[in-house]
Amino acid sequence: MKIATSMLTVATIILWVVILFFSVTAVYSVMNVGVNIGEAKMLPTSNGIKFSLPFSINNNGYYEIADLNLTTRVTDPDGQVLDLTETLVNSIPQGETVNASHTIEVDLDDILSMNHLTLMLNDSNFTVKIFAGLNFARAVPVQLSTNVSLPWGAPFADFSVGTLSVSQHNSSHVEAAIPISFENHAIIDITGTLKMEAYSNSDRRVASGVTDINVASNQNFGDSIHLYARAQDASNIADGGKLHILFETYLFTVDWWEPYG
Amino acid sequence: MVELNSNFIMNTVFPRVMKGAIMGALTYMVVYYLPLALLPDNLPLSVMPFDYRSQLFQFAVISVFFAVAGQLFAKTVIGHGFGIAKAIVIVAYFLVLSNGGMLSLTVPIEDFTLNLTVDITIILLMIIAVNMLSVAKNLLGAIGILTEKSTDIDFH
């Protein structure tokens, strides 16, 4: 009985020493892990916008950092997921530094295909949910999470249609000038064509026109779009109706209806 | 009778009280004073999942109480009972303190809030294991004392 008790005492002491040793070295190791987050960059790409966040982790502790997982989920104000990106670093061994970059690519065509016209016309805020997980010493899983609000600048913010004026173009056609204005709040330049079709109150297309537009980021656009209609439709245009507006840029195509008159 | 009590006090109670006092002081040093001395002074309370000073003090009170009680009733069934109680109280204390092994912490950083969760289940299981060994050891000790008493032959 005494031998068994002595052995249990020895085992208890050894286990306490192991627990204390691991706890102390783990805390020391965590305090010696250096995390450097670089400057976040927002860049235009061929199909949208790219957010890039470079970071480096310097593991000066005693234990390996494994299964580092950085996940970001971008949602619109309605909670619809626009992007889900994951960056994985399998292992950061003791005494090593790992450089990585977390890149979120927002495809404007994807946004449009999800019927997010309001995002093209109105500024908004995206919610970016950031999850980070790692396995410390392959024994202690750690999870971090936070929510960040990301402002979204609409490419056609404050879009407005002014008062239409009709004048004679030639003997067979009339010219209708419709002033339009918007502010490009996006970080990308808007370069493409603007096609406009005027429909009468009886839903009949009565005039159309096309113009090239080139609006730099954070610049305003204000110009008159010239539509041409047959002379007999002059009264139909002047009576008002609705406009079918179609923007075609190298990044995306968007169309919507606006009342006029 | 009075002489007998004096001898008992001088030979049994006084050494045990002294041992209890020394063990209590040593436990206080190891469990409370030393960790506080090792922890950095500028450690902000906001980054800790709990008020570590008061929690450490609570743990020190538990440890000192059982260290003193263990010495006062050393080599008795009651002493082993205190040993078992100590193990169970420590397990319960760590289970409650660590929220079942999941430490959660909310750190406000400028405009946003950082939620941190640390899964210390493995460390908790090690603490439970070591305390279960302590329970087994004290049970064997108590059984040993009871067995010796039951097989003693009183010739007086």
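Colleague: Is A:Phe126 buried, exposed or partly exposed?
Modeller: A:Phe126 counts as partly exposed because it has 17 C-beta neighbours inside 10 Å; buried needs 20 or more other C-beta atoms within 10 Å, exposed 12 or fewer, and partly exposed lies in between, with C-beta atoms placed from the backbone. This is a predicted model, in which local features need pLDDT of at least 70 and side-chain atom pairs count only at pLDDT 80 or more, while totals for chains, interfaces and linings use all residues. Residues are numbered from 1 along each chain as its sequence is written, and chains are lettered from A and ligands numbered from 1 in the order in which they are written.

Colleague: Where is A:Phe126, and what does it touch?
Modeller: A:Phe126 is in strand E7 (residues 124–136) of chain A, where strands (E, at least two residues) and helices (H or I, at least four) are DSSP runs numbered from the N terminus. Leaving out residues up to four places away in sequence, its contacts include A:Val74, A:Leu82 and A:Trp152, a contact being C-beta atoms, placed from the backbone, within 7 Å.

Colleague: Switching topic, how many residues does each chain give to the contact?
Modeller: Chain A and chain B each give 22 residues. On the side of chain B that touches chain A, strand E2 (112–119) and helix H4 (121–151) give two or more residues, and H4(B) has the largest share, 13 residues.

Colleague: And which strand of chain A is joined to E2(B)?
Modeller: Strand E8 (residues 140–152) of chain A is joined to E2(B) by 5 bridges, running antiparallel, and pairing requires at least two DSSP bridges. A:Leu144 stands opposite B:Leu116 there.

Conventions:
Two residues are in contact if their C-beta atoms, placed from the backbone, lie within 7 Å.
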